[in-house]
Amino acid sequence: MTTLPDRPNSALLIIDVQNQVVEGAHNRDAVLANINTLVDRARAQNVPVVWVQHSSDELKTGSAGWEYVPELVRRDSEPLVHKEYGDSFEATELEDVLAERGVGRLVVTGAQTDACVRSTLHGGMVRGYDVTLVGDAHTTEDLTKYGAPKPAEVIAHTNLYWQFQTAPGRKAGTVSTADVTFAAADEG
């Protein structure tokens, strides 16, 4: 259903699962296990796995905190997109990476739910992609001291509202790891 012509393929997008980003993240280990399950499934089905890595003044390129967590291992053949903004499409080569692979549907995982994950969900949809959020494969840190809801509530709210997103010619949705499929015409 994507509005991008000749893009029948799906890709698994893993956003910012870096040491410093997920250091104190909600349900960290369970989320990482779910992402690994999806990576294995995508690889077995020859679905592109695209890794996104953030850098900023607080998250210095090349630092230990900037590195991807050791539990997730990227293959050299899998694209790594470097970014400096929340939306993984902004000022990056992500669009080119996806176009080269005929991708019109994104299956989104990663961190942080209320920042880069949300920005990328919306960024993908406004650019014409179908965008599926894996509800048990994204996480965030506790920002309640700044007035934010508890992490579980942030995650639950994002899962709830994303399943009802609509746009002309595009589909959104939220599914669990167990229900993810990579067929473009499927819900999961």
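Asparagine 34 is buried in this predicted model, at a relative accessible area of 18%, where buried means under 20%, exposed over 50% and partly exposed in between, computed with a 1.4 Å probe and protein chains only. Asparagine 34 sits in helix 2, which covers residues 28-44; helices here are DSSP runs of H or I with at least four residues, strands are runs of E with at least two, and both are numbered from the N terminus.

Before I go on, a word on conventions. Residues are numbered from 1 along each chain as its sequence is written, and side-chain values use heavy atoms, with hydrogens and water left out. Because this is a predicted model, local features need pLDDT of at least 70 and side-chain atom pairs count only at pLDDT 80 or more, whereas totals for chains, interfaces and linings use all residues.

What does the side chain of asparagine 34 reach? The side chain comes to 2.7 Å from the backbone oxygen of aspartate 136. If we set aside neighbours within four places in sequence, asparagine 34 is in contact with Asp136, Ala137 and Thr177, contact meaning heavy atoms within 4.5 Å.

Turning to the helix itself, the buried residues of helix 2 are Arg28, Val31, Leu32, Asn34, Ile35, Leu38, Val39, Ala42 and Arg43. As a reminder, an α-helix has 3.6 residues a turn, so residues three or four places apart point the same way. The cover over the buried residues of helix 2 includes strand 1 (9-15), helix 1 (19-22), strand 2 (49-54), strand 4 (103-111) and strand 5 (130-139). Just after helix 2, asparagine 46 adopts a positive phi of about 55 degrees.

Strand 1 and strand 2 run parallel and are joined by four bridges, and isoleucine 15 stands opposite valine 52 in strand 2.

Finally, the whole chain. The chain holds five helices and seven strands, and along the sequence they follow the pattern β-α-α-β-β-α-β-α-β-α-β-β. Buried residues account for 52% of the 188 residues. Among contacts between residues at least 6 apart in sequence, 78% join residues at least 24 apart. The C-alpha trace spans about 45 × 35 × 30 Å along its principal axes.

Key. A polar contact is a pair of N or O atoms within 3.5 Å; within protein, one must be able to donate a hydrogen and the other to accept it, and residues adjacent in sequence count only if both atoms are side-chain atoms. Two strands pair if DSSP finds at least two bridges between them.
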